[in-house]
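This report covers how the parts of one model are arranged and where they touch.

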Amino acid sequence: MSEALEQELNEKNRDLKDLVKREYKEGFVTDVESDTFEPGLNEDVVRRISAKKNEPEFMLEYRLKAFRRWQKMKEPDWAHIDYPKIDFQKIAYYSAPKEMPKLDSLDQVDPKILETYEKLGIPLYEQKLLANVAVDAVFDSVSVRTTFRETLSEAGVIFMPISEAVHEHPELIKKYLSSVVPVQDNYYTALNSAVFSDGSFVYIPPGVRCPMELSTYFRINEMNTGQFERTLIIADEGAYVSYLEGCTAPQRDENQLHAAVVELVAHKDAEIKYSTVQNWYPGDENGKGGIFNFVTKRGVCKGDNSKISWTQVETGSAITWKYPSVVLQGDNSVGEFYSVALTHNKQQADTGTKMIHMGKNTSSTIISKGISAGHGQNTYRGLVKILKGADNARNFSQCDSLLMGDRCGAHTFPYMEVQNPSANLEHEATTSKISEDQLFYLKQRGLSEEAAVSMIVNGFCKEVFRELPMEFAVEAQKLLDISLEGAVG
Amino acid sequence: MSAKAMTIVADEADSWVDNYQSISPAGNHLPWLQAQRENALKRFAQLGLPGIRDEQWRYTNLRALKSNAYSVSAPSSLIPSQLEETDQPRLVFVNGHFRSDLSELKELGPKVSLLNLATALTDESSDLADNIANYFGKSLPQETHGFSVLNTAYARDGYVLVLEPGAVCEQVIEICYFNHGESQEANTVSHIRNLIIAKANSQCTIVERHMGDDGSVYLSNAITEIHAHENAHVDHYKLLRESDNAFHIGGVYINQDSSSHVKNHNIALGGLVSRNDIYCNLNGQGAHIEMNGLVLGKNRQHVDNHTEVHHVVPNCTSDEYYKTILDDHSRSVFRGRIIVAEDAQLTNADQQNNNLILSPHAEADSKPQLEIYADDVKCSHGATVGQLDAKSMFYLRSRGIDAESARALLTFAFANEVIDRIKVDAVRTELTQTIAGQLLAGLEDLV
């Protein structure tokens, strides 16, 4: 091995060692005055959220309908996760940094919030931006700042907080909101529809290739608040957009709830690429605290030749419950799901995807990599459904699990439902630990055990990482190393 | 008791509970058995029959089964036409009752006992009674469903096979179950409970055949318990050739001690709706289970196979191989679950489920599941749904074989991979002929 490489690896090791003692870096609290509702949920709260946002009548009706629906629903309990019952009356459903006049430039944003984002390494200042990333930052429940808005609007791209879109593009909201994920889809979508406070709205007009990557950073700051954001992305005919999402939260002993809904609509020939690096506070090594992440994400390939691709790196959250799905409605449409899910300490993840094939010649790919360490429980749960009319559907699924430590668990629950004889489905799953042979090989090349493990884990996840945009891939890799610290040996 | 009072409305749990009084109390003189039966009946009153809302039954609609009325039939004297001459040991049951006149009870050696459950329960020889008391119902899983508890409550007959330590039964034991419709008002229901106790270093081969009169409607609810002790070898075959209108709900529950080897072969050729739960607990190190399955669905058949292998201790291996061929409007469900407990290091578990769909109206649902709590393990599962390999088709076509024949040959080859795993020559030959007859009809010159 060349000396340079050795040095580099050793340096990386030192970094890693430093990080062992490191606590959750994003675990600080920002001291900004905020306007937070008292905990509790009733129709009045829903009305107040709507009033705060100055929403038009149709939104209030939508929320109330969802709320009434939610009251009649039951919390789902089929997932392979175990958590204390959530008291929905102890959560505050709205929190916003105080005094928020309409902002025109960054100077008007509370410097403390900017500081927070700087600590998180989010390129909020345009001049500091990594080339071509437009950011919509959501702090607790409201969108703080959307960058690059002018550049985007020149291209015709609409990228704004959904609360503004309600006012500026009500026709689009009316048409698309809940068109992919119905309000009553599940317990958390109904709740989200009733109380969601903000999120991102993206519309790419026909034939436009979005000139830059769009990105949202979510942050929960206030105590005892829940975050309910809503993302809606529409790619009109022939459009293309790549969207990134990242999340962090302060370190607290209480569990906090995050229940988001993401809807994607891809029209004819359009393509949407949605990437997530989720790093909510995972709780400490005894499972105290951490975010409960109950998220519904679904995309519909409405038109022919459309494509939706989900990529996720899930390293945070105490509980992850998340199944980004694709409904392949148009002929020749393509759905993809690439996932790395890591559970360490007492983290639990039940995640996977659904691919519903409806159109002809549709194809889907599922690559899921689960890593369990410590007492982590990692579950892949997925459905591939081929409906009667979906001639020549094709699916390939691969779910690999890597176990580190003898007290963790890795589970795979794939469902395959095939109603068409021309379908071709393959599902493969393997579970194993890092092989002694691989470790031995790397160690006899002079790598320390940690460097060897890091290299193997990164190799294990490579298929997913290469789907991520460049900056995210680097971040994801780092995150993985950090999250796995202490899992080795 | 009038005939009317004995009719059971399948969908009404009360109806089964009420009817319990009218069936023979045989075996109730044994307190442990009476207790098990009464508990089971209570449990059934809570559970009822499963429906599609139950996760484990979501793909199997039992509407047709439930809309029928059933009655527990009295012993009949009918001689089934399908019964062929044999020189092997054989027990025959008709509508759930043992028929000594049709059975061949041979001397199987000093350390092997084979008899029917009803007789065994009244046998005063203490060894056998103790054996049954110690093992009966012990391999059944905690999480259960209505049919299984109903079986415990209702089953009055079946076979009991006990192999004392070191016993090797070289003859293939054949068990035949026949069912036929009896009355106009109600269909026959038979509950069968079998028990295999293979003690240390013993060995046996059992072939269970489930058959029925053409076209008759009946419900057959059969459970086999297998207890394989240290180093025991059990080769168990279940051949389902029920009538085209029949319902079969079956369970094979296996407990294995160290170094035991069990093979379970589950071949489903007939029946309208059939369901098989095959559960195995690997409780001793070095135990090995092999599960093979073949489904040949046609017409409106529905076959639902649920397998579960529980690796409780380290160093066990499991190998599962299920293949499905679906034609016409048939539908198959496969659920294969592998659980590796926290301490079960060095487990090696493999599972394959391949589905071949031949008709646009057929449906295949597959649910392979891995649940792993240990790290030093090798577990894999693979599931495919698809058609015949285009390259293989091309190869055969290029040799001058027409498309239809090529398809038939490849389909047969697909099924043959499971048949090849059958170790009993007679069964393998029989199945090869049956399946070849079904798939290769008219292609005799090719075979």
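The centres of domain 1 of chain B and domain 2 of chain B, taken over C-alpha atoms, are 33 Å apart. Domain 1 spans 4-284 and domain 2 spans 389-447 of chain B, with bounds that come from an automatic or database domain assignment. The model is predicted: local features need pLDDT of at least 70, side-chain atom pairs count only at pLDDT 80 or more, and totals for chains, interfaces and linings use all residues. Residues are numbered from 1 along each chain as its sequence is written, while chains are lettered from A and ligands numbered from 1 in the order in which they are written.

Between the two domains of chain B, eight residues of domain 1 are in contact with six residues of domain 2; contact requires C-beta atoms, placed from the backbone, to lie within 7 Å. On the domain 1 side, β9 (203-212), β11 (233-241) and β13 (261-268) of chain B each give at least two residues. Strands here are DSSP runs (E, at least two residues), numbered from the N terminus.

Between the chains, 32 residues of chain B are in contact with 31 residues of chain A. The elements giving two or more residues to this side of chain B are β20 (363-372) and β21 (378-386), and β20(B) has the largest share, ten residues.

The table gives both sides by class. Ala, Val, Leu, Ile, Met, Phe, Trp, Tyr, Cys and Pro count as nonpolar, Asp, Glu, Lys and Arg as charged, and the others, Gly among them, as polar.

| Side | Residues by class |
|---|---|
| Chain B, touching chain A | 14 nonpolar, ten polar, eight charged residues |
| Domain 1 of chain B, touching domain 2 of chain B | five nonpolar, two polar, one charged residues |

Strand β24 (residues 424-433) of chain A pairs with β21(B) in the antiparallel sense over seven bridges; pairing requires at least two bridges found by DSSP. A:Glu428 has B:Gly382 as its bridge partner in β21(B).

Conventions. Helices (H or I, at least four residues) and strands (E, at least two) are DSSP runs, numbered from the N terminus.
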